[in-house]
Amino acid sequence: MPVKKVTMLVNSSDKIGHIHPEIYGHFSEHLGRCIYEGIYVGENSEIPNIEGMRTDIIDAFRNIKVPVLRWPGGCFADEYHWKDGVGPKENRKTIINTNWGGVTENNSFGTHEFLKFCELVGCQPYINANVGSGTVQEMSEWVEYITSDASSPMTDLRRANGKEKPWTLKYLGVGNENWGCGGLMKPEKYVDEYRQFQSYCKNHSGNKLYKIACGPNSSDFEWMETLMKNLDANCVNGIDLHYYTIFDWEKKGHATVFTEEAYYKTLGSANYLDTLLTRHTEIMNRYDPDNRIGLIVGEWGCWYEVEEGTNPGFLYQQNTMRDAIVAGMELNTFNRHSKRVVMANLAQAVNVLQAVILTEGDRMLKTPTYHVFDLYKEHQDADAVYCYNDFMSEYENVPMITSSASVKNNKLTITITNSSLSDSVKIECSTAGFVGSKAFARILTNEVHAYNDFDAPDRVAISDLDVSISSNQIYLELPPCSVASVTIES
């Protein structure tokens, strides 16, 4: 097997940003089996649960330190009316999910259930509210219902529904994809809608909202320009960009059966995220040089054709080592852009698109992408520092090696991907400004088409990796198609 040599340099004194934990966030939409048959099985299920929420999923989310969870959508959010999902469950309305499969839902998972799930996981809730088919009053009352401790019709309703004290809600999305499924708006139209809706979302009882505007679809720089020109940090805290790793929207290809060319084209699409974030950041910097408005990547991940025999509207796909490489590359990119990027939400958490968890009845498994989040979790709330490695193009604009580094609590964490399908790489890394006393490393690697299924749930799993250290030098070797993390202690 060919072995290439790569030189890396990490300068622990050169801080390039702060890695907000929310960069490692997730997304749960009423889509397919993400909520029902995924996160939520109901209180009467024989599957172990806490108030209807699967305990195995709660434990799995805790393990990777899920910091924030976005809900209820997605396209579903702009058809969701929150009052349908509160109160006694036998009285809740049955609705049709017109965006995803035309299935009926009984609204048994609503505001109380979502916020309880976040409490159980230990993560921040991010609620995306309805602009497309909702009203200013509806959104305003939802915020009041959740966060106010005063006496009012909304707080009385919450108390009658079993919650005496309000919740804390930081993240509020004002609409979703309003350029598309959220209303087919032009950016000027959305700016006016955003201004009106957000002005009625008040900070009740000491709760302070972080208001998030619908940002652009991928490379729609005009949308970003229009928002930044017409909004400022007095009314918006974050702008929500969506970007999916798809190199051909007409022929998305299969999740597990793909050619080497399709693999590298997918990685080329993942690598484009760096360019995309750079260009959007340049626009934001012109209007907001003090960095008061955060860039959020509210939906990201791989999108393929659905698995054969499944509902096309459920977006269920398998998850291979290709997806692990994509996740590692893109999380490295978010880390490097953490001066402006403050949150990212992988689409989606369970049973949909690039899910970290798949379920089937009472069985649950962790995908290769889940394990990447496990490898990278020590970056959360750390300072991102300068990290350079030799650039070797593997296929057109696909780097063989991507990396990022951070420092927290006298520990240096470095994460690395090797995208090559044929070459191992010997890495010699200098850690300027950081003299290590010991180091340990973990790795995820397998054949590129490998995935976990319910017959072999641990086919792709993390293992230990040999690493040696000498003062401010570390040495390790990565096999082809691998993602690794290295922790160095001073």
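How many aromatic pairs does the count come to? By the rule used here, 23; Phe, Tyr and Trp rings (six-membered ring for Trp) pair if their centres lie within 6.5 Å, with planes under 30 degrees apart counted as stacked, over 60 as edge-to-face and the rest as tilted.

Before you click: this is a predicted model, where local features need pLDDT of at least 70, side-chain atom pairs count only at pLDDT 80 or more, and totals for chains, interfaces and linings use all residues. Residues are numbered from 1 along each chain as its sequence is written, and side-chain values use heavy atoms, leaving out hydrogens and water.

Select Phe-61 and Phe-117: the ring centres are 5.9 Å apart and the planes sit at 70 degrees, so this pair is edge-to-face. Phe-61 is in helix α1 (residues 55-63) and Phe-117 in helix α2 (residues 111-121), so the pair ties together parts 56 residues apart in sequence. Helices here are DSSP runs (H or I, at least four residues), as are strands (E, at least two), numbered from the N terminus. Both Phe-61 and Phe-117 are buried, meaning under 20% relative accessible area with a 1.4 Å probe, protein chains only.

Next, grab Tyr-80 and Trp-142, a tilted pair at 6.0 Å centre to centre and 50 degrees between the planes. Tyr-80 and Trp-142 are both buried. Now widen the selection: ring pairs link a cluster that includes Tyr-80, Trp-142, Trp-71, Phe-76 and Tyr-145.

Last stop, Arg-279: it lies over the face of Phe-221, 3.9 Å from the ring centre. That label needs NZ of Lys or CZ of Arg within 6 Å of the ring centre and within 35 degrees of the ring normal.

Note on methods:
Buried < 20%, exposed > 50% of the residue type's maximum accessible area, 1.4 Å probe, protein only.
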